[in-house]
Amino acid sequence: DSGQLICASQPTALLALVAECAAMAEQVRRRPIRLQLPAADVLVAADPARLQQVLLNLIDNAVKYSQAEAPIEVRLWASATEARIAVQDQGIGIPLPQQQRSFERFYRVSEGMTRGRDGTGLGLAIAKALMEAMAGTIQVRSSPGEGSLFTITLPRWRP
């Protein structure tokens, strides 16, 4: 809120970071996470601790809003200028009119859809602020009853 969020941008290797986040989520939530990773590592300009916070939040949400048997997928791919990480679930989904609002502080999708699930409505707002502080973006595509796809984009590291 104070505008003082500082992220220490540095070269960050994504293969290990993404795999570590998936392993941590699997251990805590006891839920398998399917990874799709490129053969070669991808370096981005990011704050590794903040990026880990964003990824763990997205994976945790995917697990929380999905049935126990539904797969969670995390994919990493890159172009010459940017890298993308997608977290996809096959959960309850978010209605189109509420998708962009899901990044607002304290906003939660309708109570009927989220009843019984812990949360304050801050996770995605924090994730968006962190991504913007790292010169990245976060987007959502979702359909009720079909799940959600959250994609973060970061600039590639340029020495």
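## Core packing and charged pairs in a predicted model

Cys7 has a relative accessibility of 15% and therefore counts as buried, the limit being under 20%. This report concerns a predicted model. Cys21 is likewise buried, with a relative accessible area of 0%. The structure holds zero disulfides.

**Nonpolar core**

The largest nonpolar core comprises 36 residues, and Leu51 and Ile152 have the most contacts inside it. Helices and strands both supply this core: the elements that give two or more residues are helices H1 (14-29), H2 (48-64) and H5 (123-133), together with strands E3 (43-46), E4 (72-78), E5 (82-88), E6 (137-143) and E7 (147-155). Which residues does Leu51 touch, not counting those up to four places away in sequence? They are Leu14, Leu17, Ala46, Met131, Met134, Ile152 and Leu154. One of these partners, Ile152, is named beside Leu51 as a residue with the most contacts inside the core.

**Salt bridges**

Side chains of opposite charge can pair when their charged atoms come close. The model has six salt bridges.

| Glu73 | Arg34 | 3.6 Å |

Glu73 forms a salt bridge with Arg34. This pair links distant parts of the chain, since Glu73 lies in strand E4 and Arg34 in strand E2 (residues 33-36), 39 residues apart. Is Glu73 buried or exposed? Its relative accessible area is 17%, under the 20% limit, so Glu73 is buried. Arg34, by contrast, has a relative accessible area of 45%; this value falls between 20% and 50%, so Arg34 is partly exposed.

Elsewhere, salt bridges that share partners join Arg29, Asp60 and Lys64 into one network.

Technical notes:
Residues are numbered from 1 along each chain as its sequence is written. This is a predicted model: local features need pLDDT of at least 70, side-chain atom pairs count only at pLDDT 80 or more; totals for chains, interfaces and linings use all residues. Side-chain values use heavy atoms; hydrogens and water are left out. A disulfide is a pair of cysteine sulfur atoms within 2.5 Å. Buried means under 20% relative accessible area, exposed over 50%, partly exposed in between (1.4 Å probe, protein chains only). A nonpolar core is a set of buried Ala, Val, Leu, Ile, Met, Phe, Trp, Tyr and Cys residues joined through side-chain atoms within 4.5 Å. Helices (H or I, at least four residues) and strands (E, at least two) are DSSP runs, numbered from the N terminus. Contact means heavy atoms within 4.5 Å. A salt bridge is a side-chain nitrogen of Lys or Arg within 4 Å of a carboxyl oxygen of Asp or Glu.
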